[in-house]
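I opened the notebook to look at the fold of one chain and its contact with another. Entries follow.

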Amino acid sequence: MKIHEYQAKELFARYGIAVPIGRVAQSVDEAVAAVRGIVEESGNPVVVIKAQIHAGGRGKGRFKEHAQLGGVNVVTAGIESGIEGGVKATEERVRELAKQMLGSTLVTVQTGPEGKQVNRLYVEQGIDIERELYLSVVLDRSASRNVVMASTAGGMDIEQVAEETPEKIIRQLIDPAIGLADFQARALAFGLGLKGDAHRNGSRFIKTLANAVVELDTDMVEINPLVVTKSGQVMALDGKVSFDSNALFRHPDIVAMRDLSEENAAEVEASRFGLSFIKLDGNIGCLVNGAGLAMATMDTIKQVGGQPANFLDVGGGASEENVTAAFKIITSDPNVKGIFVNIFGGIMKCDTIANGVVAAVKQVGLEVPLVVRLEGTNVALGKKIIDESGLNVVSASGMRDGARKIVELAGGAA
Amino acid sequence: MSVLVGRDTRLLVQGLGDAGKFHTDKAIAYGTEVVGAVRPGKGGESVRFAGDADASGVPGRQNRYDVEVPSFNTVRDAVEATGANATVIYVPPPFAADAIMEAAHAGIELIVAITEGIPIMDMVRVKRYLQGKASRLIGPNCPGLTAPQECKIGIMPGYIHKPGKAGVVSRSGTLTYEGVKQLSDNGLGQTCAVGIGGDPVNGTNFIDVLELFNDDVATEAVLMIGEIGGAAEEEAAAWIKVNMRKPVAAFIAGTTAPPGKRMGHAGAIISGGKGTAEEKIAALEAAGVIVAQTPSDLGAAVLEAIDRWA
């Protein structure tokens, strides 16, 4: 589960991790109203106004409606006129920007060409930046431990740094029984070239963050850039946080931060029924049991010349109702020109799938070809249910056979 | 004994909810020696399992079974009373890590965790706890393992297995079934099918199981089923290149998976451009592994790997 930048910074602040002063705004008036408090508290007439969406690359991204406008804007209108006159000028500029940004669609390298609508803005104090650094905590799968990664190449994409200048990335594994030790935090801060106050502040920042990660069950925390200010403070200028969805049961406060408008509606609907569903661009709907088989079904469809419309794993313990819900979600996609049901029953029984599919077709109708391949537990019973239903179903003897049939019936490639 | 399990496996069950009961019944029907259940607070009670024996399971048994499985408060009590040497865990996710650690504390050799949805940090702690202990953990989020006609632990459908000469190791449950069935249909059969699970932090990885198959005289070839996410397949490929003395065939699921999306399994995600199917397939092919194009070709790929090896 992902959260917005402003929510990440709220969490950081809760742990005593330094962040700039800022306020979230869901309307133009709220954005304008945020300015005075921020400027007075920070003593700096410069503010930054940032689009809040669940995607990176916002600074370089551009709005569909305003081709010149990026997702992160520094407002310097108040610099000339001192604090009091400055607030007025800053407020006016923030009003103009907020009007353009709110409700508009931001396209970044991570949103895809369709972009994402901006419904929230974050207004933040301007920071006098001395240096920009990179810091993240992620799972190192080979070590089965979390790892702190730091780099002096702040503001850059870490994958690019890893590719081009891997020596710039320093790492420390976190022992779960001990947490990040002080010497490790110090080593990271030295590796970042921090000295004096900045070294002290940086070590403390890193250690606090490493402990917070364990407590919060995050999947990934990325602070890019982590900045050193002219006064030697170390601060999170950005914050990208996602959580381990397996651990959300013990974090109701984090679940409350979920912004469903950032997620695909069909995927949210599917998760209500315990289905694992991901929308794709093709035209062959897939209903499969098991994540590996569901992925392999997509691969096979592609291989025989088609394009999958979705990933869908009904799971092992799905009921007839869940299968019906899955079928409805697939058929609600107007791009779907054919459906392939591919089941290898282990825990999942073929008759449950068959009953679910028959019930769904009775409720929502069937306007596209349907190919069903059943194998495994109670396969004979499942086939009998399909045969006796009178539905127009093509059966397949195996996975590739089924994929070929559905791609042909759906009229070839998407 | 096949690898990991066999006729002398004495199994405990931790977590006898609906799923645990259902699959324990199937395991007993298959002929697995289930010697006890760990049910904190219900020590001294017992649970009855009765039904028709699974004809595809351990041979030479009666057509029906009717057994009382004794319950124990702790794993240690159960081990002392029954001599159990393996345990299977169906405990719900919030409590599963604790169940694994309890089993390791009691010195059980083989711990098979079926549970899906254990928090990653819990598994990080479990892995730390297991360091220096004799227990081997398989899973979590796995279908278990089956040595055909000897022992079945977990949720794999028993009847698709046939005793034979191929070892199977897989990150995916249902793809394991595809592979096993094709190996049964083409006559190769299996020595053991091991599901290592789809989580990013697991107890046993590909290399661990490949080592076991490499040293097992009955295993003549190996089928390895991987998927996108992480680097376990690449690490296995590097190991195979140097160490493997038997033909290996493989399949990698997720060629069409979009980056940054979790494909059902917690560990199946391409992040930062890493963990793609293409990279894994290339690494395996460079190690001399025959990689199947689709899951319909798993059995054929093992035959081809054997042919090329000869």
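How many helices and strands does chain B have? I counted 9 helices and 14 strands in chain B; these are DSSP runs numbered from the N terminus, helices being H or I of at least four residues and strands E of at least two.

Provenance: this is a predicted model, where local features need pLDDT of at least 70, side-chain atom pairs count only at pLDDT 80 or more, and totals for chains, interfaces and linings use all residues. Residues are numbered from 1 along each chain as its sequence is written, with chains lettered from A and ligands numbered from 1 in the order written.

Sheet. I traced an open sheet of 7 strands in chain B, ordered β9-β8-β11-β10-β12-β13-β14, with mixed pairing. Pairing takes at least two DSSP bridges between two strands. β9 (151-154) and β14 (290-291) of chain B are the edges; each has a single partner strand, so one side of each lacks a neighbour in the sheet. β8 (residues 144-147) of chain B pairs antiparallel with β9(B) over 4 bridges. There, Leu145(B) has Ile153(B) as its bridge partner.

Interface. I found 43 residues of chain A in contact with 47 of chain B (C-beta atoms, placed from the backbone, within 7 Å). α9(A) gives the most to chain A's side, with 11 residues.

Overall form. I checked the radius of gyration, taken over C-alpha atoms. Chain B has 19 Å, which agrees with the value near 19 Å for a compact globule of 310 residues (rule: 2.2 Å times the number of residues to the power 0.38). Its C-alpha atoms fill a box of roughly 55 × 45 × 30 Å along the principal axes.

Notes:
Contact = placed C-beta atoms within 7 Å.
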